[in-house]
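Welcome! Open the structure in your viewer, keep the selection tool handy, and follow along stop by stop.

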Amino acid sequence: MKVYIVCPYTKSGGPRSLHQLGNKLIDRNLDVYMYYGYRGKKIDAKNVLYLDSKAKIASKIEDKSENIIIVPEMDTVWLNNYKNIRKVIWWLSLHFYLNNNIWWRANFWTRFLHQPVFFKYMRYAKAKIKEPHINNVNPDDLPKIDYHLYNCEYVRRYLVKHGVQSSDMSYLCGPIDIDVNDGVKISDKENLIIYNPAKASKYILTKILTYMKKNYPKYKFKPLQGMEHKEVLKNLNKAKVYLDLGYFPGPERMPREAAVNYCNIITSNIGAAANKVDVPIPEKFKFSLKKENVPIICKLIVDMCENYTDYTHYYNKYREKTISQINNFDSDIDTFKNVICSVESRRGKNETV
């Protein structure tokens, strides 16, 4: 039996999780290969993406019933290329799966970027003309896939809504790369606000930075971009506040890293951040991305800095959840391995997928 993990050749949270999975399956004596590709096109790579990866690189995928293919949710087109192999989707987010639908994408980005409605039709028309059709797995066909791994409640609810049975899925969340035993010195914390610009609403973020500069100029803001991971952790270790006004396509690594580094956290209420399971912080620290909330967010930032220790206990559940993801990663993979490698194969499910 061979296990193929399809992965784009770019370093980000999703590919990191896919390589972590590969390593863990190899530790369980499975023959694992990374197959680099994106949107149905193979990528010729001579070296594995991450130096600590134990997997070999596959040049092709053998379509045999004893083999397994694992794909991320954003690139399910690969599953349509094979008939016999057992098929698994690891849902590292929901947003990037939905984003394959250009009408959904046009609607979402128009609202997220606070653009007039006619931009939705412009975006849709432009994508329709320029983008080739990618035959990803349709929502109605999700129950036909052999198995699903979901990494957050946000995804689980979507799968249930589309008919996937609980026996055909299990929880698996890629843990953050951090030693939780290092500890954080509260005395080292500064009036520093760290923010993640990668998925943030630039409209609201710009208004917050402008408002803070005008009304609270002594506070320092720093974007987490263009940094090595060690530098990111160093800044999180110093910061009192972590600001993430993004769209939370999944559980997201950076806010989890902020939690275990004892940052006080403010987020949007979009995507996975909308529920109490995936981002277990008080609702009063989650905001709709509206300009009328800018002064409220800014006053909260200041109070979180000036009265830092009054807030840290609000994030105990988030820290505990993040640590449990690290501690339980092995047992969650054992659950997956025992199911997908079992003698009983549900061959009848995916014959039309």
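Which residues lie nearest the centre of the second largest pocket, and how many residues line it? Select Asn-100, Asn-101, Ile-102, His-133 and Ile-134: these lie nearest the centre, and the lining has 22 residues. Keep in mind as you look around that this is a predicted model.

**Around the second largest pocket**

Now colour three helices: α2 (95-98), α3 (102-112) and α4 (118-130), the elements that each give two or more residues to this lining. The most comes from α3, with four residues. The volume of this second largest pocket is about 510 Å³. Colour its lining by class and you will find twelve nonpolar, six polar and four charged residues.

**Rings along α3**

Stay on α3 and select Trp-109 and Phe-112. They make an edge-to-face aromatic pair, with 5.6 Å from centre to centre and 85° between the planes. Because they are three residues apart in helix α3, about one helical turn separates them. Trp-109 has 18% relative accessibility, so it counts as buried; Phe-112, at 5%, counts as buried too.

The whole structure holds 24 aromatic pairs. For another of them, select Tyr-97 and Tyr-158. Their ring centres are 6.2 Å apart and their planes meet at 70°, so this pair is edge-to-face. Tyr-97 belongs to helix α2 and Tyr-158 to helix α5 (residues 153-161), so the pair ties together parts that are 61 residues apart in sequence. Both Tyr-97 and Tyr-158 are buried.

**The largest pocket**

Time to move on to the largest pocket, which holds about 1,600 Å³ of space. Select Lys-11, Ser-12, Gly-13, Gly-14 and Arg-253, the closest to its centre among the 47 residues that line it. Then colour α1 (13-27), α7 (229-238) and α8 (253-260), the elements that give two or more residues to the lining. Here α1 gives the most, with six residues. By class, this lining has 18 nonpolar, 15 polar and 14 charged residues.

**Charges over rings**

For the last stop, select Arg-16 and Tyr-50. The charged end of Arg-16 sits over the ring of Tyr-50, 4.9 Å from the ring centre. Then select Arg-319 and Tyr-262, where the charged end of Arg-319 sits over the Tyr-262 ring, 3.8 Å from its centre.

Note on methods: Residues are numbered from 1 along each chain as its sequence is written. This is a predicted model: local features need pLDDT of at least 70, side-chain atom pairs count only at pLDDT 80 or more; totals for chains, interfaces and linings use all residues. Side-chain values use heavy atoms; hydrogens and water are left out. On a 1 Å grid over the protein atoms alone, a cavity is a set of points where a 1.4 Å probe fits but cannot get out, and a pocket is an open set with protein on both sides within 12 Å along at least five of seven lines; lining residues have an atom within 4 Å of a point. Grid points are joined across faces, edges and corners, and a volume is the space filled by probe spheres set on the points. Ala, Val, Leu, Ile, Met, Phe, Trp, Tyr, Cys and Pro count as nonpolar, Asp, Glu, Lys and Arg as charged, and the others, Gly among them, as polar. Rings of Phe, Tyr and Trp (its six-membered ring) pair if their centres lie within 6.5 Å; planes under 30 degrees apart count as stacked, over 60 as edge-to-face and the rest as tilted. Buried means under 20% relative accessible area, exposed over 50%, partly exposed in between (1.4 Å probe, protein chains only). A charge sits over a ring if NZ of Lys or CZ of Arg is within 6 Å of the ring centre and within 35 degrees of the ring normal.
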